[in-house]
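Here is a brief report on charged contacts and a surface patch. The structure comes first.

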Amino acid sequence: MADEVAARPARRKARRKSVANPASAPKSRPKRTKKTLGDDFLTAVRADFRAHGAGVIAEVRADKPDQYLKIVLSVLPKDFDVAVNQLDALSDEEIRNRIRALEAVVKPFLEEPADLGPDGISGAAGGA
């Protein structure tokens with residue numbers, strides 16, 4: 001029996017190659033079509049938003065504030081990290097320095113000079 005096995009040619013598993021018949025194969029959509037359709041849709045949405053967006057947003061805000069909030073939240077990044085009180089990490093002197101810097105920037109725009117204390121800091125900033 002071993003002689004019979006040795007005498008037979010070794011069989012290889014035949015790999016099937018799918019040869020598609022061009023006449024019977026379904027026509028596939030070009031790869032670019034999906035992207036082009038998406039691009040066209042976004043272009044239309046952009047144009048519509050430019051024409052009507054601000055007015056519609058104002059109407060939604062006035063008539064349906066809950067939906068307005070959902071819209072706002074949907075456009076924020078998912079990992080949106082809000083540090084509500086960034087001043088906790090600063091010392092009192094660092095806060096005073098920031099207030100001085102802001103007052104120096106804003107001072108030219110004010111009609112009347114700010115009521116500054118002896119440190120050159122406004123009453124609110126000086127802790128009064």
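A salt bridge here is a side-chain nitrogen of Lys or Arg within 4 Å of a carboxyl oxygen of Asp or Glu. The model is predicted: local features need pLDDT of at least 70, side-chain atom pairs count only at pLDDT 80 or more, and totals for chains, interfaces and linings use all residues. Residues are numbered from 1 along each chain as its sequence is written, and side-chain values use heavy atoms, without hydrogens and water.

**Salt bridges**

| Pair | N to O distance |
|---|---|
| Arg96 and Glu93 | 4.0 Å |
| Glu93 and Arg100 | 3.4 Å |

Together, Glu93, Arg96 and Arg100 form a salt-bridge network. Arg96 and Glu93 sit in helix α4 (residues 92–106). They are three residues apart, about one turn of the helix. Helices are DSSP runs (H or I, at least four residues), numbered from the N terminus.

How accessible are these residues? Partly exposed means between buried (under 20% relative accessible area) and exposed (over 50%), with a 1.4 Å probe and protein chains only. Glu93 is partly exposed at 40%. Arg96 is partly exposed at 24%. Arg100 is partly exposed at 28%.

**Nonpolar patch**

Phe41, Leu42 and Val45 make a nonpolar surface patch of about 290 Å². Patch residues have over 30% relative accessible area and no salt bridge; nonpolar side chains (Val, Leu, Ile, Met, Phe, Trp, Tyr) are joined within 5 Å, like charges within 9 Å. Areas come from the Shrake-Rupley method with a 1.4 Å probe; for residues, only the protein chains shown count as cover. Val45 lies in helix α2 (residues 31–63). Val45 is partly exposed, at 40% relative accessible area.

Key: Helix = DSSP H or I, 4+ residues; strand = E, 2+ residues; numbered from the N terminus.
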